[in-house]
Amino acid sequence: MFINTKNKLIWKNGSFEKWDDSNVHVLSHTLHYGTGVFEGVRAYNTSSGPAIFRLNDHTNRLFSAADKISIKIPFSEDQLNKAQCDAFNINKLSEGYIRPIVYLGNEGLGLRARDLSVNVAVAAWEWPSYMDPKAKESGISVIKSSYQQYENPLHSGNKIIGTYFSNTMALHEAQDCGADEALMMDKNGFISEGSGENIFIVKDSKIYTPTTNHCLNGITRQSIIEIAKESAIEVIEKDIEYDELANADEAFFTGTAVEITPITKLDNKLISSGKRGNITYDLQKRFEDIISGKDNKFKHWLTFTKK
């Protein structure tokens, strides 16, 4: 739940407005047809002040996704980066979540999304953990979803508004069955991702993760691949079958919200010992050092909000 919204401000189209005054018209094209893009970004407290994790990469992906659905963002990447830092600072946050969003206006309605205003907003708020903090150690349970991931790589590979309803339904289904998360399959029956996370499995000290043909190439996913390789752990991208996850030595989700969270149960059956594995733990510790500014090798991934 959002807190302290009375005192929060949201950046929209170049200036700040009160949180409760930030509205979108009911006839916004995006509300009806999902024509828009967004990003999910985290910032962490460090000894040198708040730092946004891989800000440039997130903003670059936002612009790339907008371009793929023919939306021209009326700000530069540098301007959007500054807006995210400013939104974080003006709300006096030391760590939290940032949501940039691009949506079309209400000058007309219909499938022709022409001559409509392009609006850009950035909100920032406290969000200490998406999952129960204990899940980072004990792990979470997942069930195979009856909802398939999108067949269109444009939808599954970009954060496009309106393409997440299957993910929402998959998560609700999992929670209704008593699980923490959903396991979504692609059109070919291979593992795709969670409802909002990338997935990795460990077998015989090697890490495996699905290709990005039918899942988002997450920023945290990319980070973990690079960290693992730098730690001399082999990472293999391939089509992964359900049984490979069931028989894995370890498994974990990655994402901006979940960071690195172990998966210890699949369809009510334990994965291996049912406990967090050593490789997962080592990656968690390395990631924590990076986001807290303690790892100089990856300090270029941090953008400090206060210069």
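**Notes on the predicted model**

1. For a chain of 307 residues, a compact globule would have a radius of gyration near 19 Å, and the 20 Å found here agrees with that. This is a predicted model, and its C-alpha trace spans about 55 × 45 × 30 Å along the principal axes.

2. The chain contains 9 helices and 17 strands, and 51% of its 307 residues count as buried. Of the contacts between residues at least 6 apart in sequence, 68% join residues at least 24 apart. The accessible surface comes to about 14900 Å², with 47% of that area belonging to carbon and sulfur atoms.

3. Helix H7 (residues 219-230) packs against helix H9 (residues 278-291) at an angle of about 110°, the axes lying 11 Å apart. Because angles of 65 to 115 degrees count as roughly perpendicular, H7 and H9 are placed in that class. On the H7 side the contact involves Thr220, Ile224, Ile227, Ala228 and Glu230, which meet Leu283, Arg286, Phe287 and Ile290 of H9.

4. Beyond its neighbours within four places in sequence, valine 122 is in contact with Ile10, Trp11, Leu80, Ala83, Gln84, Ala87, Ile98, Arg99 and Pro100. Histidine 172, 50 residues away along the chain, has its C-alpha atom 27 Å from that of valine 122.

Methods: Residues are numbered from 1 along each chain as its sequence is written. This is a predicted model: local features need pLDDT of at least 70, side-chain atom pairs count only at pLDDT 80 or more; totals for chains, interfaces and linings use all residues. Side-chain values use heavy atoms; hydrogens and water are left out. Axes are lines fitted to C-alpha atoms, for helices over the stretch in contact, and angles run from 0 to 180 degrees between N-to-C directions. Helices (H or I, at least four residues) and strands (E, at least two) are DSSP runs, numbered from the N terminus. Angles under 35 degrees count as roughly parallel, over 145 as roughly antiparallel, 65 to 115 as roughly perpendicular and the rest as oblique. Contact means heavy atoms within 4.5 Å. The radius of gyration is taken over C-alpha atoms; the globule rule is 2.2 Å times the number of residues to the power 0.38. Buried means under 20% relative accessible area, exposed over 50%, partly exposed in between (1.4 Å probe, protein chains only). Accessible areas come from the Shrake-Rupley method with a 1.4 Å probe; for residues, only the protein chains shown count as cover.
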